[in-house]
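Trainee: Could you show me how to read strands and helices in a model like this one? I'd like the general idea first, please.

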Amino acid sequence: MQKTKLYETHLKLEAKMVPFAGYFMPIQYQSATVEHLTVRQHLGVFDVSHMGEFIVEGKQAKDFLQWVCSNDITKLYVGRAQYNFFPNGKGGVVDDLIVYQLDHLKYLLVVNAANIEKDWQWLQQHAHTYDVQLTDISSQTSLLAIQGPQAIQAMQSLTSVDLTALKFYHHQKGRFAGIEDVLIATTGYTGSGGIEIYFNNESAPRIWNRVLEAGQVFGIQPIGLAARDTLRLEMGFCLYGHELKDELSPISSGLGWVTKPETKCIDHEFLANQKSHPPNKKLVGLELQDRGIPRKDQEIFDLKEHPIGYVTSGTFSPTLKKGIALAIINSSIQLGDPVFIQVRHKLLKAVVVKPPFINR
């Protein structure tokens, strides 16, 4: 089991550590609900250094990424980031990722921790016909997510980069907390604003401490993966292995907005057909009307108790103070329709809604 460079720091903070994607990671430091609300109302810092980072560079880097990625890579420019997924050639998804254009012929790909090896092999499998160089920098790179409505204001004292001028899903390299060449990006997985910063492992303890010092007056707290999951779920953000799978169409998963088959990417014919003739399953949100907490794989029924789908992710929303879920259900079901979720042998009433569950 691997450890991030901040493992000992998390232990000193009395974090509850659990195995996750091959790493010991902090699941929570205090109450997951308190941590969740801290990010929604103020700001928090996450150690997400378990994520994977690949560099793709060379004369045909853009062409290569246009083939393996779902979105239109030509829309990128130096300083911009883009959400994507890897089509798997069989109508499903290898993984979802963010692509950052670092230079004219150089890109950073950030992938899910559990899929680092799988994604690396997938890229290598398709790279041999292109003039590109691939480098896995995952083991050398630390990543902190500083998220929340006060994150930009709190972190400005640590950098000369004008964070307020950095548009959403953009990035810039600069000095941060006294460390050079930190990649500062206005990306995140919480829906509450803020930045993510990438840097060499050796700088992790210094940057972590400086972030907490700068954010102290704003009420910053270290945040674990439990709150990260409830935060992303309130926003309706997909998680690989839940809403995204090898055997599930990305159109059913609600990723039509980043599916551009006109770029001739892998699976482009299938994806074009799915976009013009939507599949019979779709991703929706569910809000419980009865008390209870929905969980992954629980079955969903219509009012006649016919099975119509299953929960992909479920939780208790600290913001709404009710159970919420993402689910794959029959496309015939409409927004506002009542349904039942089978929770512990009981059918609990819920209503179909469109994510996000809260305003961004």
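Mentor: Happy to! Two strands pair if DSSP finds at least two bridges between them. Helices (H or I, at least four residues) and strands (E, at least two) are DSSP runs, numbered from the N terminus. This is a predicted model, where local features need pLDDT of at least 70, side-chain atom pairs count only at pLDDT 80 or more, and totals for chains, interfaces and linings use all residues. Residues are numbered from 1 along each chain as its sequence is written, and side-chain values use heavy atoms, leaving out hydrogens and water.

Trainee: Which residue of β3 is the bridge partner of Pro19?

Mentor: Phe24. β2 and β3 (residues 23-28) pair in the antiparallel sense, over five bridges.

Trainee: What is the order of the strands in the open sheet?

Mentor: In general, strands of a sheet pair through backbone hydrogen bonds, either parallel or antiparallel. Here the three strands run β1-β3-β2, with mixed pairing. β1 (2-3) and β2 (16-20) are at the edges with a single partner strand each, so one side of each has no neighbour in the sheet.

Trainee: At what angle do the axes of α3 and α4 cross?

Mentor: Axes are lines fitted to C-alpha atoms, for helices over the stretch in contact, with angles from 0 to 180 degrees between N-to-C directions. The axes of α3 (residues 61-68) and α4 (residues 116-127) cross at roughly 120 degrees and come within 11 Å. Contact means heavy atoms within 4.5 Å; Phe64, Trp67 and Val68 of α3 make it with Leu123, His126 and Ala127 of α4.
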